[in-house]
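Thanks for coming, everyone. I'd like to walk you through one structure this morning, so please have a look at the screen.

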Amino acid sequence: MSTIPSVTLNNGVQIPQLGFGVWQVPDAEAAIAVRTAIEAGYRSIDTAAIYENEAGTGQAIATAGVPREELFITTKLWNSGTKDWSGQQGQDAVLRAFDESLAKLGLDYIDLYLIHWPRPMHGTFLNIWKAFEKLYAEGRVKAVGVSNFGPQQLDALRQESSVVPVLNQVELHPHFPQLELREYHAEHGIATEAWSPLGQGKALLTEPALVKIAEKHGRTVAQVVLRWHLQSGVIAIPKSVTPSRIAENIDVTGFELDADDLAAIAGTATGTRLGPDPQSFDWS
Ligand SMILES: NC(=O)c1ccc[n+]([C@@H]2O[C@H](COP(=O)([O-])OP(=O)(O)OC[C@H]3O[C@@H](n4cnc5c(N)ncnc54)[C@H](OP(=O)(O)O)[C@@H]3O)[C@@H](O)[C@H]2O)c1
C-alpha cells in the first residue's frame, strides 16, 4: 500500500495530498466505492450535500474498520438558490445545512467544510463565512475552506475575517493548471485542492504527450497526471467507481517525473475549463 504525503494547512491540521471524490456517484454505490477506497488506502473522502451521497459515504465510514480520527472527511454547503443567505437567518440556514450533512454522514464532526460556490452576484458569501467561523470556533469542523473562489472573493474574506480559508478547491488539471491562482494561494497560505484532477477521464487521458511520459515510466496516464498534482504541491481528489482504477489512482508514489516530463506536461495546457466559470455560476 502506498504512503500518501500530507499537506499541513494554515491552522496546523493535516490533510492527505490524495483523496477520493464521489461526485455523480449514487448513494448506494457510494457506500461500496468509498469502502473500496478506504480498503485501498485512501484516508480522505470528498463529498458534498448536492451529491446526495453523504449517507452512503457515512455508511462506508462506519463499516470500513478504520478509526474515525484516521479519516479526513470533507463536505460542502450547497447554494440552495432561492434561499436568502443574508443576515442572521442566512447564518442559521448554514448551521441547519451543516447539521443535516453531519446527520447523513453519521458523524459528530467534519474535518473540512467548504462553501461550494461563491455566487458573487448575491453578495452573501461573507455572511455565510460568519456561520463557518462559528462552526470552527465550536470545534464542529476541524477546518473551514472554500471552493471555486477567485482572488477577489478571497481578498474579501481575508479582509473581513481572522479565519483564512485553509484551502480553495478549484478545477485544476494539466489542461487547466490555474498557475496564477496557485501563486495567489501560496502568497496567502491557502492550499490548492484540485477538482476533476483527471480532467473527468476525458481527452486529457489520451493526450499524446502524456501517453509518451506514461510509457517512459511504465505507468498509466492517470498515474502520471496524479503524480504531477503531487509534485506540484496540489491536493487531488480523483473519483472512480471502478475498483482497479481506485487502486491504480493511489499507487502514485513509486516514481518521479523529471524536468523534461514536467515541461512536456506544462505544454499540454489549453486554458479551457471543463466546468462552469465560478464568477458567473449560479445554479441552485
Ligand atoms: N467543488 C466542486 O465544485 C467540484 C466540482 C467537480 C468535482 N469535484 C470533486 O472532485 C472529484 C473529482 O472530480 P471529477 O469526479 O469531476 O473527475 P475526475 O476525478 O477528474 O475524473 C473522474 C472520471 O475519470 C474516470 N477515471 C478515474 N480514474 C481513472 C483511471 N485511472 N483511468 C481512466 N479513467 C479514470 C472515472 O471513471 P469511473 O468512475 O467510471 O472509473 C470518471 O469518469 C469529484 O468526485 C468531487 O468530489 C468538486
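This is a predicted model: local features need pLDDT of at least 70, side-chain atom pairs count only at pLDDT 80 or more; totals for chains, interfaces and linings use all residues.

The buried residues of helix 8 pack against helix 6 (179-187), strand 9 (191-195), helix 7 (208-217), strand 10 (235-236), helix 9 and helix 10 (259-266). If you want to pick them out on the screen, the buried ones are Val221, Ala222, Gln223, Val224, Val225, Leu226, Arg227, Trp228, His229 and Leu230. After helix 8 comes Gly233, with a positive phi near 80°.

Now let's step back to the whole chain. There are 10 helices and 10 strands. The radius of gyration is 18 Å, close to the 19 Å that the globule rule gives for 284 residues, so the chain is as compact as a globular protein of that length. Along the principal axes, the C-alpha trace spans about 55 × 40 × 30 Å. Of the 284 residues, 54% count as buried. And if you take the contacts with a separation of 6 or more, 74% of them are between residues 24 or more positions apart.

What sits inside? The largest nonpolar core has 72 residues, and those touching the most other members are Phe20, Tyr42, Leu77, Tyr113, Trp129 and Phe132. Let me zoom in on Tyr113. Beyond its neighbours within four places in sequence, Tyr113 contacts Thr75, Lys76, Leu77, Val94, Ala97, Phe98, Phe132, Leu135, Val141, Ala143, Val144 and Gly145. Another core, of 11 residues, lies apart from the largest one, and its members include Leu9, Leu112, Leu114 and Val166.

Helix 2 is worth a stop too. In this helix, residues 54-63, the buried positions are Glu54, Gly56, Thr57, Gly58, Ala60 and Ile61. Those buried residues pack against helix 1 (27-40), strand 4 (44-46), strand 5 and helix 3. Just after helix 2 you'll find Gly65, which has a positive phi of about 80°.

On to the empty space. Rolling a probe the size of a water molecule over the atoms shows where such space is left.

The largest pocket holds about 870 Å³. Which residues lie nearest its centre? Of the 35 lining residues, they are Trp23, Gln24, Ser196, Gln200 and Lys239. Helix 9 (residues 243-250) gives the most to this lining, with three residues. By class, the lining of the largest pocket divides into 18 nonpolar, 13 polar and four charged residues.

The second largest pocket has a volume of about 250 Å³. It is lined by 17 residues, and closest to its centre are Ala49, Ser80, Lys83, Ala97 and Glu100. Two elements give two or more residues to this lining, strand 5 (72-77) and helix 3 (87-105). The largest share comes from helix 3, with six residues. As for classes, the lining of the second largest pocket has eight nonpolar, two polar and seven charged residues.

Where is Ser80 found? Ser80 is in the loop between strand 5 and helix 3. Leaving aside neighbours within four places in sequence, Ser80 contacts Trp85 and Ser284. The C-alpha atoms of Ser80 and Ala97 are separated by 9.9 Å, with the two residues 17 apart along the chain.

Finally, the closed space. How many cavities of 30 Å³ or more does the structure hold? The count is one. The largest cavity has a volume of about 70 Å³. Lining the largest cavity are Leu77, Trp78, Asn79, Trp85, Ile115, Trp117, Pro118, Arg119, Thr124, Phe125 and Ile128. That lining has eight nonpolar, two polar and one charged residues. You have already met two of these: Leu77 is among the core residues that touch the most other members, and Trp85 is in contact with Ser80.

Note on methods:
Residues are numbered from 1 along each chain as its sequence is written. Side-chain values use heavy atoms; hydrogens and water are left out. On a 1 Å grid over the protein atoms alone, a cavity is a set of points where a 1.4 Å probe fits but cannot get out, and a pocket is an open set with protein on both sides within 12 Å along at least five of seven lines; lining residues have an atom within 4 Å of a point. Grid points are joined across faces, edges and corners, and a volume is the space filled by probe spheres set on the points. Helices (H or I, at least four residues) and strands (E, at least two) are DSSP runs, numbered from the N terminus. Ala, Val, Leu, Ile, Met, Phe, Trp, Tyr, Cys and Pro count as nonpolar, Asp, Glu, Lys and Arg as charged, and the others, Gly among them, as polar. A nonpolar core is a set of buried Ala, Val, Leu, Ile, Met, Phe, Trp, Tyr and Cys residues joined through side-chain atoms within 4.5 Å. Buried means under 20% relative accessible area, exposed over 50%, partly exposed in between (1.4 Å probe, protein chains only). Contact means heavy atoms within 4.5 Å. The radius of gyration is taken over C-alpha atoms; the globule rule is 2.2 Å times the number of residues to the power 0.38.
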